[in-house]
Amino acid sequence: MKRPSLLSTTAFRVSLLYAGVYAVCIAVALGLLYWTTHAYTERLVRTELEVDAQAYLNQYRDMGLEELFVAVQRRSTYAARIGRYYALIDADGRRVIGNRVELPPGLPGDGSPVYYRTASGAEMIAAATPVPGTELRLLLAQGWDSILALRSHVIAVATALLLILLLLAPLLGAAVARGVMRRVAGVGRTTDEIMAGDLSRRLPLSPRGDEFDAVARRINQMLARLEALMAGLRHFSDNVAHDLRTPLTRLRNGIEVTLLEPRPPQEYVRVLERTLGEAEGLIRTFNALLSISRAEAGVQSAQWAPLGLDALARELAEFYGALAEERGQTLVCEAVADVRLVGDRQLLAQAISNLLDNAIKYTPEGGRVWLTVDVAAAGQPRLAVADDGPGIAAADRGRVLERFVRLDASRSAPGNGLGLAMVKAVAQLHHAELTLGDNAPGL
């Protein structure tokens, strides 16, 4: 089996698809992270400016304007190093004390924050709060350098993660595809051996128990069933060739001997009648084989319908009771009323007829045959045929269910060895269990 290229495998394409979807999801997630971080830091800075402004105004109310000047001057000497600026400005925006900082035009004096960019390109946020009882305003400003650095860091991390993912995606896809290809190659080798005729081969299983193993187990079950069917077919063909060769040879030899010399018309009639009997026996054999094949294939399941098993048993017991009387036997039917099931009436009647015919055939004169219908403990319908004849040895009970199998003791009796095989096929078709047991004496 030709192996596909690595890039054309489904596993590789699916891995790339998942990597692309994963990359988009990461990009969206990092975008949300960036947006929420930006919004949070902006809100945090605004809150800090408002809290600082309120603290200075409280200090002004408690200690006066002079203490406010001292506090602003003291704070402004080191706050610029962390990007924050403190100053007192007059109504025209001129600095009275504190840091020198470029102000935006039209800065409101009600404490509302304003975002702006300085002449040097730095981004700032500033708020000017009026000092009660004076024309001064308390200016607090914050540079965005640290926030911009955080933003750049987030973008750099997101870009690096996306690049790493895009670089690893083909490698991971190749690794996944290579593992899948190894398993597919194992399946291919096994199927090649199976197609070459080795039906005993099975798909390999791994200890992981994954979905591939689940499919492989089902296929192995199918292969086991196929091997059993093929073995049965070979066995069936061998049996057909063996069991039909004798009557066909006898038929041909009888006709050849008859044609060797002229004979009286009465002898030709006897030969034709004997030939007709042989042909009817062959037809019965082929009809039995056809019925078994149909039952095993479930071809007739469309004819299933609800039926009374007790009524069918009593009907067949009445018919075979007369045959048992002719042989000096007694047929006893004990059927519980209203035992119903869904099935093929014709096939079930044929199976029960085969059981009764075998019981009557192998039970000696004066013997008894029982036909019983009742309900098992689990609630399923149950039918039993029993006799007090010679029975079947325990070692042979499995063999007699196979086609064309006839025990030595029954070779002299008429039949083709297909009766119990037919019963077995009908039982399997109806999901029933067929058991052969010792009736002590009989079967």
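Mentor: Before we start, two strands pair if DSSP finds at least two bridges between them, and helices (H or I, at least four residues) and strands (E, at least two) are DSSP runs numbered from the N terminus. This is a predicted model, where local features need pLDDT of at least 70, side-chain atom pairs count only at pLDDT 80 or more, and totals for chains, interfaces and linings use all residues. Residues are numbered from 1 along each chain as its sequence is written, and side-chain values use heavy atoms, leaving out hydrogens and water.

Trainee: What order do the three strands of the open sheet have?

Mentor: The order is 7-9-10, with mixed pairing. Strand 7 (330–335) and strand 10 (381–387) each have a single partner strand, so they are the edges, and one side of each lacks a neighbour in the sheet.

Trainee: What makes strand 7 and strand 9 a pair?

Mentor: They share six bridges in the parallel sense, and the rule asks for at least two. Strand 9 covers residues 368–375, and Glu334 stands opposite its Thr372.

Trainee: Why is Ser76 called buried?

Mentor: Buried means under 20% relative accessible area, exposed over 50%, partly exposed in between (1.4 Å probe, protein chains only). Ser76 has 5%, so it counts as buried. Ser76 sits in helix 2 (residues 65–79).

Trainee: Which residues does Ser76 touch, not counting those up to four places away in sequence?

Mentor: Tyr86, Gly98 and Asn99, where contact means heavy atoms within 4.5 Å. Besides that, the Ser76 side chain reaches the backbone oxygen of Gln73 at 2.9 Å.

Methods: Polar contact = N/O pair within 3.5 Å; in protein donor to acceptor, adjacent residues only side chain to side chain.
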